[in-house]
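Hi,

Here is the model I promised to pass on. Have a look at it first, and then read my notes below.

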Amino acid sequence: MKDYAVRASAAGEQVRIFAATTKEMCEFARKAHETSPVMTAALGRLMTAGSMMGLMMKNPTDLLTLEIMGAGPGQGLLVTAGANGFVKGFPRVADAMLPPKNGKLDVGGAFVPGLLRVIKDMGLKEPYNSTVALQTGEIAEDLTYYFATSEQVPTSVGLGVLMNKDNTVKVAGGFILQLMPFAEDKIIEKLEENIKSIPPVTTMLEEGATPEDMVNRLLEGLEDVTIHETNEIGFACDCSRERITKSLITLPKKDIKEMIDDGKPIEVRCQFCNSKYEFGTDDLKAML
Ligand code: ZN
């Protein structure tokens, strides 16, 4: 099954929800960055959220950046997402290892204490920029806190990445459920009840739940549950030999001369997707 996300609403638009399945993008990132299980989970959760938050943006050229900066062994993550829900991202320390906590991957322990930064570049002079303290570092709770404090939107975020025994990604996905300011108490109570009674995202996905199933479970008992949109999402990097060449040209001339004098080809890797680009001395001479 390809990665995709749905956007739905219920109760006369008092509630809106995004739900996604993201196994392919998480597995792509795991392979590209050769992440340890805890970092596969961390990056996968942030990319899953990024994808859904990307879809929330209005204009096709809007760009979302989510960054975790932490003092723990994982140090941080950077994810960017377009308004089409396609993401790219990388971990600061791909192979960070931590002992499990309560039998689970200790994603929070990889980062806390730390910060979550959200940047939305909507083509204005100043991009929207908000930084909050990490609450647990488990990412879903941190985003819930971000939505409540920075955007003043009561939100419930569920994110999950489950690995196979060989550490490849078995299932991944999540949801972001938001209440509009005019939501009635009885709607809020019903949603709280639903959120309490549903199993973790990874359990639902492992049992074969689709994003539509997650929407229906979360919005159970509400009127006019409507799925408005289904979008294919995934990992997409826009790096190219031309882009890397452009960035190399900005280096000081003497640095490029030194590389030429070394006489060996240089290798440059894209930070986001880890693709390798090689430049020989002739290429470097052309840059000068
Ligand atoms: Zn790339």
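Which residues does A110 touch, not counting residues up to four places away in sequence? They are M39, G72, P73, G74, Q75 and L98, where touching, or contact, means heavy atoms within 4.5 Å.

Before I go on, this is a predicted model, in which local features need pLDDT of at least 70 and side-chain atom pairs count only at pLDDT 80 or more, while totals for chains, interfaces and linings use all residues. Residues are numbered from 1 along each chain as its sequence is written, and side-chain values use heavy atoms, with hydrogens and water left out.

Back to A110: this residue sits in the loop between β5 (86-91) and β6 (114-121). Helices (H or I, at least four residues) and strands (E, at least two) are DSSP runs, numbered from the N terminus. A110 counts as buried because its relative accessibility is 0%; buried means under 20% relative accessible area, exposed over 50% and partly exposed in between (1.4 Å probe, protein chains only). The C-alpha atoms of A110 and G76 are 8.3 Å apart, although 34 residues separate the two along the chain.

Next, the pair α1 (residues 23-33) and α2 (residues 37-55). Their axes come within 9 Å and cross at roughly 135°; axes are lines fitted to C-alpha atoms, for helices over the stretch in contact, and angles run from 0 to 180 degrees between N-to-C directions. The two helices are therefore oblique to each other (under 35 degrees counts as roughly parallel, over 145 as roughly antiparallel, 65 to 115 as roughly perpendicular, and the rest as oblique). M25, C26, A29, R30 and H33 of α1 make the contact with T40, L43, G44, M47, T48 and S51 of α2. Of the 19 residues in α2, 18 are buried.

The loop between α1 and α2 holds S36, which is buried with a relative accessible area of 6%. Leaving out residues up to four places away in sequence, S36 touches A94, D95, A96 and M97.

Finally, α4. I187, L191 and N194 are buried there. Seen down the helix axis, the buried residues of α4 fall within an arc of 60°, so they line one face; the arc is that of the directions from the helix axis to the C-beta atoms. Their cover includes β2 (15-21), β9 (169-179) and α6 (211-218). On the other side of α4, D185, K186, E189, E193, K196 and S197 are exposed.

Best wishes
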